[in-house]
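Below is a short briefing on a protein structure.

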Amino acid sequence: MVATNDVRFLDASEFEAHEARVCIREGRTLDDPRRARLYTDEQYLRSPAEMAELFADIPEALANTVEIARRCGLVLELGKPYLPDYPVPAGLSMDEYFRKLSHEGLEQRLQVLLDPAAGDFSARQAEYRARLDFELDTIIQMGFPGYFLIVMDFIRWAKQHDIPVGPGRGSGAGSLVAYALSITDLDPIEYDLLFERFLNPERVSMPDFDVDFCMEKRDRVIDYVADTYGREAVSQIITFGTMAAKAVVRDVARVQGKSYGLADKLSKMIPFEVGMTLEKALEQEEPLQEFLRDDPQAQEIWDMAVQLEGITRNVGKHAGGVVIAPSKLTDFSPLYCDETGGGLVTQYDKGDVEDAGLVKFDFLGLRTLTIIDWAVKMINDMRREQGEQPLDIAQLPLDDAASFALLQSAETTAVFQLESRGMKDLIKRLRPDCFEDIIALVALFRPGPLQSGMVDNFINRKHGREKISYPDAQWQHESLQPILEPTYGIILYQEQVMQIAQELAGYTLGGADMLRRAMGKKKPEEMAKQRAVFEEGARSRGVDGELAIKIFDLVEKFAGYGFNKSHSAAYALVSYQTAWLKAHYPAPFMAAVMSSELQNTDKIVVFVEECRAMKLTLKLPDVNEGQYMFTVNTRNEIIYGLGAIKGLGEGPIENILAARNDGGPFLDLFDFCARTDPRKVNRRAIEAMVRAGAFDSLGVERWVLMAGMDDALKAAEQSASNRDSGMADLFGEVVPSQANGDVDVYAPFRQLRPWSDKQRLAGEKDTLGLYVTGHPIDEYEQELRKFAPVRIAELRADKQGTQFIAGLIVATRTMKTKRGDTMAILQLDDRSARIEVTVYADTYTEHRELLGKDNIVIVEGSVSHDDYSGGLAVRARGVRSLLQARQDHAAELTIEVDREQLDTDWADWLERLLAGAGRGSCPVALIYRQPGGQGRVRLGERWQVQPSDELLQELRERVGAGGVALQYS
C-alpha cells in the first residue's frame, strides 16, 4: 500500500485555471453541459501534514511512499559534451586528419580566390594560411575537431547527392576552417568576418553550426546521419508550445464564453513584441489598464489568462534540431513518441539535451534554396539546348550591373529577404550598388536601427548628404576608417564593435567578444570595469583617454543595435543569387517561386501580378505542355502547374504525364479519355481541367469540351471494355479521333449556348483559386481608382487613419458574437493582392446585402498589421457597392451619338431606357455629332438615373463602348 495523490495543480485555488486549461485543450467552454468533469478541486499538492491526516488510518502507506522515494536516486553529469566518434584513416589522429583536410580544402579555395600572377599573391596566401593555422590551433585546443568533421561530412554528402546547401548561417560563416571544409561558401577574410564571433578561445562553449538545406530534400540528410551513426543514436528534439500573451487571452475568452469582439479587442491591446508578457503589457499600456478597470468581463478574462500564461500547451518537433549520441540515445535522454509510436524525439528540449551532454546539430529547411535549385535546373535545360555551359550558382560575379539595377528599382518581390513592403521602401532610399550594401540592408531592416536613426544616417552618408566620419564628426580616430568604411562610418555590425576594441584599445578578439556580450547585457558594474580597461588600453596605444571614452560610449550605444555580420553576409549572398536569377532568367525564376507556393493561392495571386508587371507571359495549365509544377516552355512562357488545379491530385497527374510520354500529345478530349485511366483521372478531375483551361491548347472552347465530356467518357469506357474482352469493333474504333483531320468530334456540341466571360472566369477561380485570363474587376479598374486610389498590394498600415480599399469579395464567412450579433470576415481581391476585412456587427447589419461573394465593394476602414498572418488586415467602418459609389461621386453620364447611328425609334428607345433605369441623382447629357459640328444637351432633372451596370451595358450595345462615359467631379 502506497500513499499518493493524483496532483494536477499546486494549490487548491488553481482549480478553475486547471479546468480552463482542460477546456482549451478539448475545444469546449467551461459551462458546456456535455463536457466530462474528470477532475476535482482536491487534486492539488498536499502538504506532508495533510497527507498524514488523510492516511492516518494507514500509516504504513506513508512509510512505503517515503521508502520508495529514498530508493530513487540519479546522479547526472551536466555540461560535459559527448561527441560521437568520427572515423579517421589508419595512422592519423583525429587532430592530424582535421589539419590535413583543412589545408587541402584551403588550397582548393585559393586556386579560385587568388591570382598567382598578382604581385601580392604570396602575401595574401600567407594571410589565409596564418588565419587557418590560428583557427585550427584554437579548435584543437578546445577539443572540437570531431564536431567540424561531422558537419563537414553530412554537408559534403548532401552536395554530392544534389541536395542544395546554404552558403552559411549565423556566426559560423566567420570561420575560415568552415570555408576550407566546404561547410560554408563565403570567404570570411574578404568580408571581415571574425572567427572569434563564432568560437571564443577565452570563453569555452560548444560551436553551433546552423545549416540550411533545400526544404524538399532536408530529410534525406537526416536519414544519412541516422544511417551513418545508428538509428538508436540519432533523433530530433522536442519543443514545448506555451500559452503566450496574446493567444492565451483569446483562448480564455473562448472557454469562458465571452464575445469574439471583446477577445479581439483585448488581445490587440497587447503590444506585438518578442517576449511580451501580460504583466509587461499591463505596465506599459495605460489604455489597457483603463479598459480592464471599466470592463468587468475583460478583467475576468485577464485574471484567468495571467494564471495560464506560459504553461505548456502542446509538444512538437524542433524545426531543425538533431542530436547525435556516441551511444544509444536512452543513455542520455528519455524519448517521446506520438500515440501511434512514431515521431520519436528526445523528451528533453534543446537546452536540456545540451546540458545532458548531447551535441545538437541544426538541419534547417530553407525554401529559397529549393527555389534556386528548381530555377537552375530549368535554366540549365535551356542552356543545354542552346549549347551553353551549365550555370553554377555558386560562381556568380558579385558586381553584376543588371542585378543591382533590379535592386535599385525595388522590384524585389520574391527576392530572398528583400521583398517586404518596408524593405522595398528602404531599398528605394538606399539604392544599393555593391554587395556590401546588400549585407547592410539585411542588418539595417530591424526595429532597433530603424527607430534609432541609424538607417537615416547610413543613407545620408552613402549619398553624400552627411559627412562621413569614423564614427562621429566630433569623436573619431583615423585607425577606425578601415573598419567602418564599408558602412560609411556607421557602427552596424557586432564584428565592428570587436574590431574597434582590438584596434583602439588592444583587446584580443576573444576579449573583444566578451566586451560585445557585456555591452549587450548592459550590467553597470561590468560596463564600469570594461570602460576602465578600454581607456587604459587606448592610452597604452597612444590614444587620448577622453577620446577613447567618448568612442567607447558611442560603441556601447550602437552595440545594442549591432547585427552579426557573418549571418548578414551569408544571407545577403542568397538574396543576391535570387536577385541575379530574377534579373537574368525571370521566367524560370518566377516559375520556381510559384511552384514553391503551389497550394498557397494568396501568394500565387501576388506572384501572378508580379509576372504581369515583369511582362512575362503566363499560360494556363496545359494538358500537352504542363508538368506538375510551374515550368517554362521553349518560347520562354511560364506554364501554370497542373498541381495547382483544385480537384486534380498527384495520382491523376502522374497518369496523365505517363500517357503523354508514351503516346505523344493528346489530340482531343476523346483521345485523352481513351488513353488515361478512368479510375485515376475521373469525371471530376477532367471537369476541373476543362474549367481551368488545361485543354485550351487543343483549340476547342471550354463549353464545347464540357458538353462533349459524357460522350468522351462513354466512348473511352466502351473501348476499354472491348479491349479487355478481346473484341474488335466491326466498324472501326469506338473512340472517334481528329487524327485524320476530316472528323469533327465536337460537331454535335458546337450549337449549344457559349459561356460568357463571367462563366469562363468563374471556372478559373473555382479550379485555380484566382482569375488568370482576366479578372471581373478589370473593366472597372480605372473607375475604382477614383474611389480607392491605392491598390491592395500598395496599402500601408495606419491604424488611426481612414483608407478606402476596392476589390472583389472572393470569400466570406460569418460568426456570432457573445451577444448573438452577426459579424463577417471577408477576403477582398483587386488582382494585385488579397486582404482580410473584418466587418463587426453594427457595420455588418447596415451593409449585409452588399457582402455576398463575387460582389465588388469599396470599403472604408483602418489598415493595421495582422499579428497572426504577419500581413495587413482591415477593420471596416463602412461599405459601399460600386453603384452607391457612382451615385455619390458621378457628376454626369454622357452619351455620344453620331447622326448615322440615329434611326426613327432612337428617341423612343432612349426615353424608355432612362425611364426604366430607376430614379437617381446622376444627370444625363447627350452629345450629338454630325459632319458640320456637334451639340451638347443636358437633360432635365426628371431624367436623372442610377448609373447601374445594366444601364451602361445597354447603352454601350446601342451606341458603342466609346460613346458612354461616367464623368466624376
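Not counting residues up to four places away in sequence, Arg-702 touches Leu-620, Val-690, Arg-691, Gly-693, Asp-696, Trp-755, Arg-760, Glu-764 and Thr-773. The model is predicted. The points below are grouped by topic.

**Arg-702**
- Arg-702 is part of helix α32, which covers residues 702-725.
- Its relative accessibility is 7%, and the cut-off for buried is under 20%, so Arg-702 counts as buried.
- Among the residues that Arg-702 touches is Asp-696, and the side chains of these two residues make a polar contact of 2.8 Å.

**Tyr-507**
- Tyr-507 sits in the loop between α22 (494-505) and α23 (509-521).
- Tyr-507 counts as buried because its relative accessibility is 11%, with the cut-off at under 20%.
- Apart from neighbours within four places in sequence, Tyr-507 is in contact with Ala-501, Gln-502, Ala-512, Leu-515, Gln-530, Val-533 and Phe-534.
- The side chain of Tyr-507 is joined to that of Gln-530 by a polar contact of 2.8 Å.
- Tyr-507 and Phe-209 are 298 residues apart in sequence, and their C-alpha atoms are 26 Å apart in space.

**The second largest pocket**
- The volume of the second largest pocket is about 1300 Å³.
- Its lining has 42 residues, and those nearest the centre are Asp-185, Asp-392, Ile-393, Ala-394 and Gln-395.
- Helices that each supply at least two lining residues include α5 (121-142), α15 (367-385) and α26 (565-584).
- α4 gives the largest share of the lining, seven residues.
- By type, the lining residues are 24 nonpolar, six polar and 12 charged.

Technical notes:
Residues are numbered from 1 along each chain as its sequence is written. This is a predicted model: local features need pLDDT of at least 70, side-chain atom pairs count only at pLDDT 80 or more; totals for chains, interfaces and linings use all residues. Side-chain values use heavy atoms; hydrogens and water are left out. Helices (H or I, at least four residues) and strands (E, at least two) are DSSP runs, numbered from the N terminus. Buried means under 20% relative accessible area, exposed over 50%, partly exposed in between (1.4 Å probe, protein chains only). A polar contact is a pair of N or O atoms within 3.5 Å; within protein, one must be able to donate a hydrogen and the other to accept it, and residues adjacent in sequence count only if both atoms are side-chain atoms. Contact means heavy atoms within 4.5 Å. On a 1 Å grid over the protein atoms alone, a cavity is a set of points where a 1.4 Å probe fits but cannot get out, and a pocket is an open set with protein on both sides within 12 Å along at least five of seven lines; lining residues have an atom within 4 Å of a point. Grid points are joined across faces, edges and corners, and a volume is the space filled by probe spheres set on the points. Ala, Val, Leu, Ile, Met, Phe, Trp, Tyr, Cys and Pro count as nonpolar, Asp, Glu, Lys and Arg as charged, and the others, Gly among them, as polar.
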